[in-house]
Amino acid sequence: MAFQKAVKGTILAGGGALATVLGLSHFAHYKRKQVNLAFVEAADCVSEPVNREPPSREAQILTLKNTSEFDVLVIGGGATGCGCALDAVTRGLKTALVERDDFSSGTSSRSTKLIHGGVRYLQKAIMKLDIEQYRMVKEALHERANLLEIAPHLSAPLPIMLPIYKWWQLPYYWIGIKLYDLVAGSNCLKSSYVLSKSRALEHFPMLQKDKLVGAIVYYDGQHNDARMNLAIALTAARYGAATANYMEVVSLLKKTDPQTGKKRVSGARCKDVLTGEEFDVRANCVINATGPFTDTVRKMDDKDTTAICQPSAGVHIVMPGYYSPESMGLLDPATSDGRVIFFLPWQKMTIAGTTDTPTDVTHHPIPSEEDINFILNEVRNYLSCDVEVRRGDVLAAWSGIRPLVTDPKSADTKSISRNHVVDISESGLITIAGGKWTTYRSMAEDTINAAVKAHNLKAGPSRTVGLFLQGGKDWSPTLYIRLVQDYGLESEVAQHLAATYGDKAFEVAKMASVTGKRWPIVGVRLVSEFPYIEAEVKYGIKEYACTAVDMISRRTRLAFLNVQAAEEALPRIVELMGRELNWDDSKKEEELETARKFLYYEMGYKSRSEQLTDRSEISLLPSDIDRYKKRFHKFDADQKGFITIVDVQRVLESINVQMDENTLHEILNEVDLNKNGQVELNEFLQLMSAIQKGRVSGSRLAILMKTAEENLDRRVPIPVDRSCGGL
Ligand SMILES: Cc1cc2nc3c(=O)[nH]c(=O)nc-3n(C[C@H](O)[C@H](O)[C@H](O)COP(=O)(O)OP(=O)(O)OC[C@H]3O[C@@H](n4cnc5c(N)ncnc54)[C@H](O)[C@@H]3O)c2cc1C
């Protein structure tokens, strides 16, 4: 049966690929449909979810405590762990999953957001005639198609451009990319194509023109990684898995096997991180899916075991959307130091990053200034000199730790296989390690197959190919129009809700509060420039959000898109969460503090603010200093030597601009380095110097002062005789 399936898949794949290469798109499409039908067949075998809505966290914890023995207990709520829980529960196994922090708080929310086969791995497979690498790419391409199918609201194909700077690269890359299409077969998203230099610049006008010969465009998938992870967790919960976030495994339970007399892992001691309460969860089989913490849990089982996971860290930065075209990414497989560089449009912003470097494992990886600057320098090489790449345009940054499986023969992380391993210890602990986001489903299938075999569990084959994730089943590309028509939401907000919650977007819309305006009727935004609305905070709690950090980073993605906007949204988010979760004032203060620290250290706010404080030297031309001093004194009308919010308010009122006091405080606070509630002349000059060097951008005070000054200068003074007053 499995063999027949494999043969059928290969024939279909081969036919589709041939059709794609020959340009017979109808045939390719027809073949693709047949594969999709196979998906649906598999998914149809799964019974309906047992819960209409995922049970509350409290209800899940009660199930964890009261179940005498689960078939499977998964440790880790990243993509891999949640994938294992969904695979197990849909095979009919009694399943539990515990996550120490929030679902997807680890590597799975910090990825490049690509759903890909790995063009580079295919290149390696061919150059080194490595069949393992080839199989890995093939499998990933199958998984890519499946993921786009089962969560269409959270994922989409993305065209990616490879710029070509030397003529000989053109046939070389073209053959490589065509092979990529060919290996994908019927799972090929869209056929790749070559662009002349002028066409490449039409698509990517900000690209550096010099030496550009042309470009090749190929397709991979892109997704909202944390939301995808959450969709897997919620789907598992709806099928009946007892899942709990903020539940840490502190030790493994063992009992003696009556047949062999050996100690077997029989569950785990769990600690509710939010309350400190500890209790045991018993299970026939325990699965370690803890990503970079793989070896920590393996050592709980056997303290002398040798490490199998070699972590490596990758940093990403987020820049404004204008750095890349709205729907075309760019990838260069060979940078100045041999690493890969990419910049990709994501959620109307641009993500830039590069391949990883070895690191130590930590819960809270921090992006370094050095890494941020390395990426900025690389980005500069690709963009036209008309586009000034400024440090101040880095809106957010993060570091993610890749759980690579160590190859003892290699010293270089780049050559370590991205493939996964399923390891079964002497005492029956099953570890799933390595792999990548794209292949989480097949990794989970392999893991549960191993668990079923090793622990004699009664379960059928995997059912997750074609199984819709939460929100995917009734989503359609036009769903957002109904949200606009039925609820009176802004079109941008409706599109965002449909792309985040899929068919569950209606539930969020129902919770949306009235704006009091003629249009939009409902949907109060959390911050003006992002389509996140207050109702999402209320809905996020139903999706197991427990902290303000959960809300800004994984329910909404504000922290990943713009740290400053996330900080501004925080007080309102904490207020709304506090109302739902009965937080008192000190709990609200604690949440604010923790979330601010998270933004400061983990999301690049530190690096951003240090652009003003650490490099405090003022390097301006004397003529600029004179100009800025004049501007400063126009605001500091009574020559105090500093500007307060009263000064700013007075000038803004004189040009008919209204602003509430909170906003004025925020604006001043961004520049008030010594936090004494006022901006002194040297602080202002420091700001202008940082702006000139491109280290700071988007300073509201600087832009307001410049605009107000221009407006003030333009206003013709009213002669005394027409002013209806005077002496
Ligand atoms: C920078 C970067 C970019 C990447 N880009 C891509 C990409 O574009 N496409 C792609 O396919 N792959 C990509 N990957 C790889 C992919 O992100 C990872 O392979 C995947 O997210 C790993 O998921 P995981 O569930 O194994 O690990 P994690 O997401 O880290 O999950 C492990 C979880 O285990 C929990 N845990 C640990 N110890 C305990 C305990 N004692 N008790 C309970 N819970 C515990 C952790 O809190 C954590 O949430 C990228 C990786 C990196 C680093």
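# Why these labels?

Me: Which strand holds H420?
Reply: H420 sits in strand β17, residues 420-424. Strands are DSSP runs of E with at least two residues, helices are runs of H or I with at least four, and both are numbered from the N terminus. This is a predicted model: local features need pLDDT of at least 70, side-chain atom pairs count only at pLDDT 80 or more, and totals for chains, interfaces and linings use all residues. Residues are numbered from 1 along each chain as its sequence is written, and side-chain values rest on heavy atoms, with hydrogens and water left out.

Me: Why is H420 called buried?
Reply: Buried means under 20% relative accessible area, exposed means over 50%, and partly exposed lies in between (1.4 Å probe, protein chains only). H420 has 14% relative accessibility, so it counts as buried. Its C-alpha is 7.0 Å from that of V405, 15 residues away in sequence.

Me: What makes K263 exposed?
Reply: Its relative accessibility is 51%, so K263 counts as exposed. K263 is in strand β9, residues 263-272. S427 is 164 residues from K263 in sequence, yet their C-alpha atoms are 6.0 Å apart.

Me: Why is G106 called partly exposed?
Reply: Its relative accessible area is 37%, so G106 falls in the middle class. G106 belongs to the loop between β2 and β3. G76 is 30 residues from G106 in sequence and 9.3 Å from it in space, C-alpha to C-alpha.

Me: What is said of the phi of S104?
Reply: Phi of S104 is near 70°, a positive value in a residue other than glycine. S104 is in the loop between β2 (95-98) and β3 (114-115). Its relative accessibility is 1%, so S104 counts as buried.

Me: What is the phi of Y544?
Reply: Phi of Y544 is about 75°, a positive value, although Y544 is not a glycine. Y544 lies in the loop between α16 and α17 (548-555). At 3% relative accessibility, Y544 is buried.

Me: Which peptide bond is cis?
Reply: The bond from W519 to P520 is cis, with omega near -5°. P520 is in the loop between α15 (505-511) and α16 (535-542).

Me: Why is T67 called buried?
Reply: T67 has a relative accessible area of 17%, so the label buried applies. T67 is in the loop between α3 (57-66) and β1 (70-75).

Me: What does the side chain of T67 reach?
Reply: The side chain of T67 reaches the backbone oxygen of T63 at 2.6 Å. A polar contact is a pair of N or O atoms within 3.5 Å; within protein, one must be able to donate a hydrogen and the other to accept it, and residues adjacent in sequence count only if both atoms are side-chain atoms.

Me: How do you know that the span of helix α22 agrees with its number of residues?
Reply: The expected span is 1.5 Å times one less than the number of residues. For the 14 residues of α22 (622-635) that gives 20 Å, and the end C-alpha atoms are 20 Å apart, which agrees.

Me: Which residues of α22 are buried?
Reply: They are D624, Y628, R631, F632 and F635. Seen down the axis of α22, these buried residues fall within an arc of 100°, so they line one face of the helix. The arc is that of the directions from the helix axis to the C-beta atoms.

Me: How many residues surround the ligand?
Reply: There are 35, and the closest are T80, E99, S108, L114 and T438. A residue is near a molecule or strand if one of its heavy atoms lies within 4 Å of it. α4 (79-90), β8 (247-256), β11 (309-319) and β16 (396-405) each supply at least two residues of this shell.

Me: Which atom of S108 is 2.5 Å from an oxygen atom of the ligand?
Reply: The atom is an N or O in the side chain of S108. Taken alone the ligand exposes 1,000 Å², and the protein buries 97% of that. Accessible areas come from the Shrake-Rupley method with a 1.4 Å probe; for residues, only the protein chains shown count as cover. A backbone N or O atom of R100 is 3.0 Å from a ligand nitrogen.
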